[in-house]
Each structure stands twice: as C-alpha cells, then as structure tokens.
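Dear colleague,

I am handing over the structure below, with a short account of what was found in it. Please read the notes alongside the coordinates.

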Amino acid sequence: MLTLQQVSQLLPAADNTIGWILQIIFLGFFVVFMFYGQRFQMWIMIREVEGSLFKLKLMRDEARKAAIAAINEIGKPQVDPTAQVDRFLEYFAITPVSLDPAGIIWRLEHLLDVQDARFKDDIKLMAPQADSTQIYNLEGSLEVAAGLNMIYKVIRHFYLLGKKTLSLYVIMQVQMILPLIMKEAEAYSSAVKAFQLGQPIGDGVGALVAAKLMHDYEKTKIEKDMVVATVPIEGRTAYVLKAEGPGLNVGKPGEAIKQIMEQNEGKISLAIVIDAAGKLEGEKVGEVAEGVGVVIGGPEVDKYKVEETALKYKVPVLAIAIKEDLGDAIAPMRKEIFDALDNVIDRVKRVIRERTKEGDFVIIAGIGDSCGIGQ
Amino acid sequence: MEPSGQIAKKVSPFFIVIIMIFIALALSFIYLGFQDFLVDNFENGSLNLTIGLIIIAISTYLLFQTQRRTLRPVLEIQPLNTTVLCQKCGFKNVREFQRGDYIFKQMEEPCPKCNEKTVSISSIFREVKEKAKRATID
C-alpha cells in the first residue's frame, strides 16, 4: 500500500524553480478546466462531428457524381442532366395528416404512387435512351444519393447549430447517434454502384426464393410490377409471387396478395410471406427464422392490405425471415444470404405439409427488391 | 475494377518527425526519472517522470488525430461472382460479374461442353472474408 507521503513524492516538488513553474501550470490547468472544461469537451465533439460530416459530404458528392455519370452513359441525354439531378436530390414528400388517422393508409398510398410516377417521369426525361430496367436501376441510385444528401444536410444542420449556439447539448445529441448514422450512410454508399450495375442485393432474398420456386412455370403480370406463377408444391397449388425483375423494383405485394385472395374468394388455406429482416448484433447473417404475421418492410401500406384481407377471409399468415443487417440488405448479396435459399425452400415445404391438406391453395410471397433477379 | 473516390492519406512527414522527436524526448525524461528514483533523488525523479508522461500523452493524442483523418474509399465496387450453369449437362463456370448479368438470365452463347443453348446464370453473390475473431459470446 502506498502511503500519502509516497504519493506526494510522485508530484513535482515545489522547492526548485521548475517545480514551482509546474505547480503553477497544474493550478492553471485546474482553474481553466473548472471554468472551460465543458467547452473543451464540446470542441472535441465538434471536431468528431466535423470529421464525420466531411466523410458524409464526400459520400454524397460521390453518389451524385456516380448518378450523373450513369445517366450520361445509359440515357444519352441531349442536355447536361446535372441540374435535374440536383433538383431530384432535393425532392421531399410530406406525410399525410395523422391527427385524424382514419383512411391514412389510402392517402399514404396515393402519395407514394404520385411520388413513384413523378420519379419515373423525371428519370425518363433525364435518360431518354434508358430501357425500363435501367430506369428502375437509375431511380434506385438517385434515391440513394438523395438519402445521403438528406443525412448530410441534417448532420450539417446540427453541427452548425452547435457551433452557433455553443451548446454542448445540441452537439452532444448528434455526436451520440453519429456511429449509427455513419453505419447507415456507409450502407447507402455501397448500394450506389450495386443499383447502377443491376446487382442483386441482400434485400432481394425473398424475391429470389420466389423466383427459384416459379422459375420453370408460366408467369403472369398482376397489380403493379408483380408477377405470379401457379406452382404445384407437395400436392398443393401455390400462387408464388414476386416483384418483376431484373430491374430495381419492389412492386406492390400487398395489393397482389389481396387480389389473389379475393379472386379465390378466400379459399386460401395459408399465406407464407418471405422477406429479409434486420438482424440483431450477434446473430449470423443468413440465419432463417419463422414467425406469424406479415413480414413486409417499407411504409406499411402493403402490410396493412395483407392484414385486412387475411382477417376478412380468416387466412393464416406465416412469415419466414432471413436475417441480415442494413449494410448487407442494400449491398450486393452475400454468399451466406444466397446459401440460405435452400433452407428457406425446405422450410416453406415443411410448413405447407404441416399446415395444409393436399389439394389446398396457398400463397407464397417473396418480398424484396428484384434488382438483378429474373424470374 | 478500381474503387472510385479513393482518398489519399495526407499526413505531413514533417509532422510525423516532430511527433517522433517528442516521443524520443518523453522516453528520455522517463528514463532519467527512473535513474533519479534509483539513486533516491525523488524530487528530480518525479519531475522528470511527470514531464515525460505529459509529453508522451500529447504525442499519442496527436498521433491518433492524424490516423482519424484517414478516410477509406467512398464508393467501392465490390467483387461479385457470377455462376453460369448449363441446365442440361451441369457444366458450371464461375466468373466475375458483368453489367447486364442477373439471376436466371438465359445466356445466348451455347454451352462449351454440350453445345446446347441451355445455359443460364444460377447465382450472383459476393464473398466476405470475416476477420478472425477471438472467442466471444455468441
């Protein structure tokens, strides 16, 4: 055990000139930190946010440049598309009024339809030579660039506000969530090239399962950008559906499932929805889990439609989720996710055998982006 | 394929030299401090040790700051494998992803083995090499 005397010996002695100087410096530091400690802490935080902001700006600029280059390469426009791209990056959508929530889903759906039509029209103007698949892919990369632009602007807002007000709490709230925001921004960045090149992404695993099941069967197009095939599985008839590929497209699976249920007047014994789902830290990429409910992400319009129709006809809805994090979901598909495919198909067959009888009708919906996935 | 947006590491060599001089100076002070302690000169010993530790703390902080400014490539094209499979004879060819490839795409070229036009893309994925991890809680 150290005695107080021994500890004091470690401190500079005050009986020589340098010792005195050091004592004064130490006291000075103590006083300065007492009054300005919080400000020093804020400067360190501001520097940290500044570094991330610089990186976000770089990501945003690179995504914008890549989008302009792709439009010029694919669309062969007569005029420089830079101004149109910049306009696109600043688009916004105002969510419907939620004070009176009745009918909000239909108002939200209308809003999303208007936005989707507007985006596609704008891209057709920007890239007149692009075919429909390329338009879908360009839309994806422009949306990613717009997302990065929004992240950059929000972080810049808090950074400048923090500097202007010199408030520790303004800068602290952004500094604390910065690692999660940077992770999201990095995921967006990795998606830019994948969308431009039409590569399959992790989120497309649900659509890929459906594509594998329907591959050798005749497909028909149904409600907005969806394809369906009637596939015999384990002595049952399965309506397998997915978004039409290989362009970047999620379609309207909710509307498609609703139509199939209504066409069959509810004589559907089971609906299985397959989609990628966010994994928790510690879970393995490509892990498969089963559950109950409608596993459809996004603005929940499709989820609502399936829940409503399933309730109306008393159709049980089961979910199969393939685990992946955000970075894997919008980056090119990992081998682990692709390898989960056979496992998912085995589970689908087992669930059908266990929950339905021979001759029954079932729905198998592969949810997700069909970018780089045919059918 | 080259990654775009590569950012060069811009750390001045002059700055690195200064940090190295600081570290050398700090180590000398710490050495002198220990020497003083060995001959029971606690006053000079503690003084030298304090100066040495302060300089080493400042140098380490500056060194970490230079490392923090280094940025990784922004938009990377990740290498993807495309597997082309003949549905008839099972001939398999794994190659790098090319623009226009998509899963279940029917290829126009005939199979190099059986010469039938039954070749399609069966898979496209990337392989991620996980870093070797120490035993952790799974």
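In chain A, helix H11 (residues 335-355) lies across strands S2 (226-233), S3, S4 (270-278), S5, S6 (317-324) and S7, and runs at about 165° to S6(A); contact here requires C-beta atoms, placed from the backbone, within 7 Å, while axes are lines fitted to C-alpha atoms, for helices over the stretch in contact, with angles from 0 to 180 degrees between N-to-C directions. Helices (H or I, at least four residues) and strands (E, at least two) are DSSP runs numbered from the N terminus.

This is a predicted model, in which local features need pLDDT of at least 70 and side-chain atom pairs count only at pLDDT 80 or more, whereas totals for chains, interfaces and linings use all residues. Residues are numbered from 1 along each chain as its sequence is written, and chains are lettered from A and ligands numbered from 1 in the order in which they are written.

The seven strands of chain A form an open, mixed sheet in the order S1-S2-S3-S7-S4-S6-S5, where pairing means that DSSP finds at least two bridges between two strands. Its edges are S1 (219-222) and S5 (288-292) of chain A, each of which pairs on one side only. Within chain A, S3 (residues 236-243) and S7 (residues 361-366) run parallel and are joined by five bridges, with Leu241(A) opposite Ala365(A).

In chain B, S1 (residues 81-86) pairs with S2(B) in the antiparallel sense over five bridges, and Asn81(B) stands opposite Glu96(B).

With kind regards

Key. Two residues are in contact if their C-beta atoms, placed from the backbone, lie within 7 Å.
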